[in-house]
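I opened the model to look up two things.

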Amino acid sequence: MLDYLRVASAVPKLSVADTNYNTQEICAKIMEASSEGVDVIVFPELCITGYTCGDLFLQSTLLTKSSQALSTIIMTSRRYSQIIIVGTPLKLAGQLYNCACVINRGRLIGIVPKTFMPNYNEFYEKRWFTSSASLELDSVSASELDLYCSKDYDIPVGSELLFSINNKVTFGIELCEDLWTPLPPSTFLAINGAEIIFNLSASNETIAKREYRRNLVIQQSARNICGYVYCSAGDDESTQDLIFSGHSIIAENGTLIKENSKNIDSDYVLSTDLDYGKIAHDRIKNKSFADCRDMYGDVAPVRVIKIMNEELLCGNGELAYVNKLPFVPASMEHRLKRCLNIFEMQVGGLKKRLEVTKSKPVIGISGGLDSTLALLVAVKAVMELGRPLTDCIGITMPCFGTTDRTYNNSLKLMEALGITSVEINIKEACQVHASDIGFDLAEKSVTYENIQARERTQVLMDYANRVGGLVVGTGDLSELALGWCTYNADHMSMYGVNASIPKTLIRWMISSISEFDVFTGCADILNDIIDTPISPELLPPDETGKIAQKTEDLVGPYPLHDFFLYYMLRYGFAPEKIYTLAKKAFADEFDSETILKWLKTFYRRFFTQQFKRSCIPDGVKVGSICLSPRGDWRMPSDAASAIWLEEVENLE
């Protein structure tokens, strides 16, 4: 199950107080959204009449015509499967209410009146409308509303209504000003089960208000762990004293998913897919949300209306944006800022550890990405502590698989940074050890590789003991996930600065540091390191002296594995959904067979390599995903992967 709800915010053309014209435009937008497979479409506040009718709201002609218009929209809905939410004035129990009407398949299935009425200069809704807080009835008949229907029926009314679609996803509704209050109705709707909130609004435009409104929606979706669809009245409203912008915002769990591009806008449908599977996962994981529900859920009890329609929730999420590098911000501006912020956190973590232990950082320098980033972190930490750069000790340890490129880059980088540079060739030590255990070095097996890896770690640890040092770990999150590290070798250190940073992000980290010239004179060296193929360099170079052992040829492309890791750990998605998302994200890069091949590898390695993650060293967490056994990821080392691999085997 892919768990997508296709939503649309529709801002139709409008003629103030002309209900016939407005109804035609609303129905046209319903048809347009239907062609896009939309499940729920929401329109602006009071869109049937127009928000800016003023005292015309008290005219019986307008109210009669708005009821007739509502009937027309209800009848039109018979031709479509989608749920329609429109705004209109309704007379209930002798008072006039600003309402959201929920329609599906030829029936008005619920009415949500607005709760909070603005009463400041440019808006004075209390002049015409009554708050839902004053409404005593909980239902109204279709005949009382003068709706055209062959058979009378009761319609639930109230601000506390929730709407459940096929028992899979639930939504709630609030109107404009409701969101701007200290305790928005959507907060209580969310803690009582609403995963999606729809807001019918009419918010005028003033300087800087668009940004404030956007932030308000995003923050509400973050606090409530929900999707939020905001639809505001367009520029066809009266401009007698104000201008309306037609601002539409769709957010999910604190992330802006989609927004109309024009500052002053109308006559459009903005649609996308919301992933309510993400919302459900985060609500399970976030115990503060559950505690809030337990404490305040009874403050505003809800009523749930079930909408059973097998034509809904059939989307595959094709309108949802999927970033193929989920750990890396999509925009360059955000990417640079994020990378430098992460670098500061890494430096802060190591700086504290060096300060407490009164030690010097000791790092194994290979000329690869991971050790380069760890070295840059260590150098910056030493600088911020006010110590001489020579306190930072880099050790390069060439052996059987070392190439000239990585060897020279490691030496040049240490020299450019001005640190203490140490070279210890470990070939002879590895040969002696191989002889001691009766191993023939002509056999290029895992033993051949791990002899080198463990010898390097022994050198680092013992050298650190000799100089009062602390071994800084270089291993990254991707390697920990795949177990692509030698147990008690590069797997071990005294503090791991890269422990929660995936391989795909490390490239951008070094690139950002280079671009901002954090370390003067190092840019050319750093750029060449970025371009070097990823390799543990534990097998001899090829006949031309170049790297022969390329990690991604053996375990698979890191962009794919980081993608799998993100969606498995961050949202708990099943293999089927991860596979579907990966096919979409990497359509221009990998075919389905390749993605499936490496997905199998990912699950197999992730489960079998947990024993390495169960005893990793301390390391600073910088993002939402970390594999530390002390809090972020607790998993039995002998857990079976059978049911995950079975699902993968059945994928096509």
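Which residue lies over the face of Tyr-4? I found Lys-577 there, at 4.9 Å from the ring centre. I keep in mind that the model is predicted.

**Entry: charges over rings**

I looked up another such contact. Arg-335 lies over the face of Trp-508. I noted 4.1 Å to the ring centre.

**Entry: the sheet**

I traced an open sheet of 7 strands. I read the order as β13-β12-β11-β10-β9-β8-β15, and the pairing is mixed. Which strands stand at the edges? They are β13 (255-259) and β15 (303-307). Each has a single partner strand, so one side of each lacks a neighbour in the sheet. From one strand to the next the twist averages 20 degrees.

I then took one pair inside that order. β9 (residues 169-175) and β10 (residues 196-201) run in the parallel sense and share 5 bridges. What stands opposite Phe-171? I found Ile-196, in β10.

Next I checked what lies across the strands. Helix α4 (residues 209-223) lies across β11 (227-232), β12 (248-252) and β13. I noted an angle of about 30 degrees between α4 and β12.

**Entry: aromatic pairs**

How many aromatic pairs does a search of the whole structure find? I got 24. I looked at Phe-163 and Phe-171 among them. Their ring centres are 5.1 Å apart. Their planes make 15 degrees, under the 30 degrees cut-off, so I logged the pair as stacked. Phe-163 and Phe-171 are both buried.

I turned to Phe-606 and Trp-633, an edge-to-face pair. I noted 5.7 Å centre to centre and 65 degrees between the planes. Where do the partners sit? Phe-606 is in helix α18 (residues 592-608). Trp-633 is in the loop between α19 (610-613) and α20 (642-649). The two are 27 residues apart, and I logged the pair as a link between distant parts of the chain.

Is Phe-606 buried or exposed? At 0% relative accessibility, Phe-606 counts as buried. Trp-633 has a relative accessible area of 22%, so I logged Trp-633 as partly exposed.

**Entry: a ring cluster**

Which residues do ring pairs link into a cluster with Phe-327? I listed Phe-563, Tyr-566, Tyr-567, Tyr-571, Phe-573, Phe-586 and Phe-590.

Key. Residues are numbered from 1 along each chain as its sequence is written. This is a predicted model: local features need pLDDT of at least 70, side-chain atom pairs count only at pLDDT 80 or more; totals for chains, interfaces and linings use all residues. Side-chain values use heavy atoms; hydrogens and water are left out. Two strands pair if DSSP finds at least two bridges between them. Helices (H or I, at least four residues) and strands (E, at least two) are DSSP runs, numbered from the N terminus. Axes are lines fitted to C-alpha atoms, for helices over the stretch in contact, and angles run from 0 to 180 degrees between N-to-C directions. Contact means heavy atoms within 4.5 Å. Rings of Phe, Tyr and Trp (its six-membered ring) pair if their centres lie within 6.5 Å; planes under 30 degrees apart count as stacked, over 60 as edge-to-face and the rest as tilted. Buried means under 20% relative accessible area, exposed over 50%, partly exposed in between (1.4 Å probe, protein chains only). A charge sits over a ring if NZ of Lys or CZ of Arg is within 6 Å of the ring centre and within 35 degrees of the ring normal.
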